[in-house]
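Subject: Structure for you to look over

Hello,

Here is the structure I promised. Please open it alongside this note. My findings follow below.

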Amino acid sequence: MTAHSLGRTLLGIFRAKEVSVLLALVLVSVGIALVTPYFLTTDNLMGVFRSFSLTAIMSIGMVMVIITGGIDLSVGSVMGLSGLVTALAFQNGFSTVVSVSCGLGVGFLFGLTNGLLVTVGRLPPFIATLGTLSIGRGLMYIVTKGVPATPETPEIFSMIGQGYIGSVPAPVIIMLVLALIFSVIMTFTTFGRHVYATGGNEQAAWLSGVNTSRIKLTVYTLSGTISALAGIVAFSRYLSAEPASGFGVELDVIAAAAIGGASLAGGVGSVMGAILGAALTGIIANGVVLMNINTYAQQAITGAVILIAVSIDVWRNARKER
């Protein structure tokens, strides 16, 4: 790949909104670094990257759903249930490949169900995924009866969540690989263009020959499967599948996508923007701890960042319409 084509690829992946989020990320990082010398240490930065990597991974699926004009509230439940099913498979003597496949299968089925409820059942995405959120959470408590599953697992499996490649945690590598793959898909493929067209104007997209139902079914299925992968990584890291695992994570994932420039009205957003949004919230959370700010203030700060990001998006859209 020539330098010119590489430059075009990077420009395609990073748009104006993503650059704005990246600038905010840099400014926040500089501000925290000026206050505390511990922020820029290698151990702290790798810890920050590891901590927000799961949210970032899940935001990849979420942002594709949001671009189509939908929402997926079930990602936290899918994350927890997939990790639990993987743990139970190990507990019953299955191999690593089979156990991981079982976990991913749960995410695939939940995502497919969400897509069918939205496309065939014509349910509003909020209602459809709120229902599957409750089903997933209920199944976790029914199966575990409130007791964590802590099976013995092969060392190769624990490397997924606990291992390093060089000095970089394995979950961060997984996040970066997925981000690159789906950024290219959303930016340079027909599927990606159809996702944006579906969210921008579904009726016009359908009249232009885009199978909008298939597009929405696909993105919901991808969201469920990617959330399942995050759940497997989380279980690999802690080697304990808690009944409350993933509780409330959907809010962090939606926040990452919104901060990264995704419009809840559909048609706008990007994978890299969602990753940067997750990074920004992760760095803010780390800064709160390092600066000895009351940790209860973290959610308030994150909420303020969301409001500012969405307000800027609304203001920009209003200016374009004038």
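How do the residues of the lining of the largest pocket divide into nonpolar, polar and charged? The lining has 22 nonpolar, 16 polar and four charged residues. Keep in mind that this is a predicted model.

**The largest pocket**

The largest pocket holds about 950 Å³ of space. Its lining counts 42 residues. Nearest the centre are Thr 55, Gly 248, Val 249, Asp 252 and Gln 298. Several helices give two or more residues to this lining: H3, H4 (75–91), H11 (212–238), H12 (249–259), H13 (271–290) and H14 (297–321). H3 has the largest share, with seven residues.

**H3 against H8**

H3 covers residues 42–67, and H8 covers residues 170–188. Their axes come within 8 Å and cross at roughly 20 degrees. An angle under 35 degrees counts as roughly parallel, so H3 and H8 are roughly parallel to each other. The crossing of H3 past H8 is left-handed.

Which residues meet here? From H3 come Phe 49, Arg 50, Phe 52, Ser 53, Ala 56, Ile 57, Ile 60, Met 64 and Ile 67. From H8 come Pro 171, Val 172, Ile 174, Met 175, Leu 178, Ala 179, Phe 182 and Met 186. By class, the contact of H3 with H8 has 15 nonpolar residues, one polar and one charged.

**H9 against H11**

H9 (residues 190–200) packs on H11 at an angle of about 105 degrees. The axes of H9 and H11 are 10 Å apart. Angles of 65 to 115 degrees count as roughly perpendicular, so H9 is roughly perpendicular to H11.

H9 brings Phe 191, His 194, Val 195 and Thr 198 to the contact. H11 brings Thr 212, Ile 215, Lys 216, Thr 218, Val 219 and Leu 222. The contact of H9 with H11 divides into five nonpolar, four polar and one charged residues.

**Val 305**

What does Val 305 contact, leaving aside its neighbours within four places in sequence? The partners are Ile 259, Leu 280 and Ile 284. Ala 258 is 47 residues from Val 305 along the chain, and the C-alpha atoms of the two are separated by 9.8 Å.

Best wishes

Terms used: Residues numbered from 1 in each chain as written. Predicted model: local features only at pLDDT ≥ 70, side-chain atom pairs only at ≥ 80, totals over all residues. Heavy atoms only, no water. Axes fitted to C-alpha atoms, helices over the stretch in contact; angles between N-to-C directions. Helix = DSSP H or I, 4+ residues; strand = E, 2+ residues; numbered from the N terminus. Parallel < 35°, antiparallel > 145°, perpendicular 65-115°, else oblique. Left-handed = near helix turned anticlockwise from the far one by under 90°. Contact = heavy atoms within 4.5 Å. Nonpolar A, V, L, I, M, F, W, Y, C, P; charged D, E, K, R; others polar. 1 Å grid on protein atoms, 1.4 Å probe; cavity = no way out; pocket = protein on both sides within 12 Å on 5 of 7 lines; lining within 4 Å. Points joined across faces, edges and corners; volume = space filled by probe spheres on them.
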